[in-house]
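Please examine the sequence and the model together.

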Amino acid sequence: MTKLKHKGILNLTTIIFAVIFAHSTVVAESDLPLREVSSKTSRRFSLVTNNDIQRSGAALQIECPGDLSTYTDINECTADISDLNLKVTEGTLTSLTWEMTGATVDASRRSGINQIDNYIFNEGTTVVTYNARDNAGNVTFCSFTVIISDNQVPKIISAPENI
């Protein structure tokens with residue numbers, strides 16, 4: 001009797017793995033579309049998945065901070081910027097990462113929920129991109145730009161000698 005019970009569990013496990021493998025192959029081979037959700041201050045893109053189709057409106061929705069433009073700190077080529085956290089407006093966040101490109105280059109850890117909060121940016125233009133995942137596996141991302149300019153006038157302490 002025990003032998004038959006284990007064989008039945010083995011067959012059921014094999015069927016479950018076959019279904020999961022077949023589903024993942026179909027998803028991997030399909031071209032999942034991106035939908036753009038724009039606001040005045042940032043652009044967001046959301047990967048449309050089968051879960052979105054089945055549960056319309058239940059997908060993770062996030063909002064990035066707006067684009068920022070400021071000046072460097074006095075006698076520095078950097079600026080300390082705060083309030084850079086992402087806001088979740090709908091859904092359940094299970095993973096959040098970020099990446100910076102441009103004048104400042106950095107990235108968060110690849111696991112967990114990683115908010116930026118505040119950061120010291122180099123002079124120039126930096127694009128910050130947040131990547132979020134919800135408990136259904138839906139992926140959403142948004143980005144914003146941080147522009148740091150130097151408006152401090154250079155001072156000449158002594159004039160150069162005549163040549």
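Q: Leaving aside its neighbours within four places in sequence, with which residues is K87 in contact?
A: This is a predicted model, in which local features need pLDDT of at least 70, side-chain atom pairs count only at pLDDT 80 or more, and totals for chains, interfaces and linings use all residues. Residues are numbered from 1 along each chain as its sequence is written, and side-chain values use heavy atoms, with hydrogens and water left out. K87 lies in strand β6 (residues 87–90); strands (E, at least two residues) and helices (H or I, at least four) are DSSP runs numbered from the N terminus. With contact meaning heavy atoms within 4.5 Å, the partners of K87 beyond its sequence neighbours are Q61, I62 and E63.

Q: Why does K87 count as exposed?
A: Relative accessible area sets the class: buried is under 20%, exposed is over 50%, and partly exposed is in between, with a 1.4 Å probe and protein chains only. K87 counts as exposed because its relative accessibility is 54%.

Q: Which residues form a disulfide?
A: A disulfide is a pair of cysteine sulfur atoms within 2.5 Å, and the structure holds one. The sulfur atoms concerned lie 2.0 Å apart, and the link is right-handed, with 80° about the S-S bond. It joins distant parts of the chain, 78 residues apart: one cysteine is in the loop between β3 (61–63) and β4 (68–71), the other in strand β11 (residues 139–149).

Q: Is T140 buried or exposed?
A: T140 is found in strand β11, and a polar atom of its side chain lies 3.3 Å from the backbone oxygen of L60. The relative accessibility of T140 is 3%, so this residue counts as buried.

Q: Why is the pair of W98 and Y119 edge-to-face?
A: Rings of Phe, Tyr and Trp (its six-membered ring) pair if their centres lie within 6.5 Å; planes under 30 degrees apart count as stacked, over 60 as edge-to-face and the rest as tilted. By this rule there are two aromatic pairs. The ring centres of W98 and Y119 are 6.1 Å apart and their planes stand at 75°, so this pair is edge-to-face.

Q: Which residues form one aromatic cluster?
A: W98 in strand β7 and Y119 in strand β9 (residues 119–122) are 21 residues apart. W98 is buried, with a relative accessible area of 8%. The cluster is formed by W98, Y119 and F121.

Q: Over how many bridges do β7 and β10 pair?
A: Two strands pair if DSSP finds at least two bridges between them. S95 has R133 in β10 as its bridge partner. The strands β7 and β10 pair in the antiparallel sense, and the bridges number nine.

Q: Through how many residues does a hairpin join β7 to β8?
A: β7 and strand β8 (residues 106–107) pair in the antiparallel sense over two bridges, and E99 stands opposite A107 in β8. The number of residues through which the hairpin joins β7 to β8 is three.

How values were computed. Polar contact = N/O pair within 3.5 Å; in protein donor to acceptor, adjacent residues only side chain to side chain.
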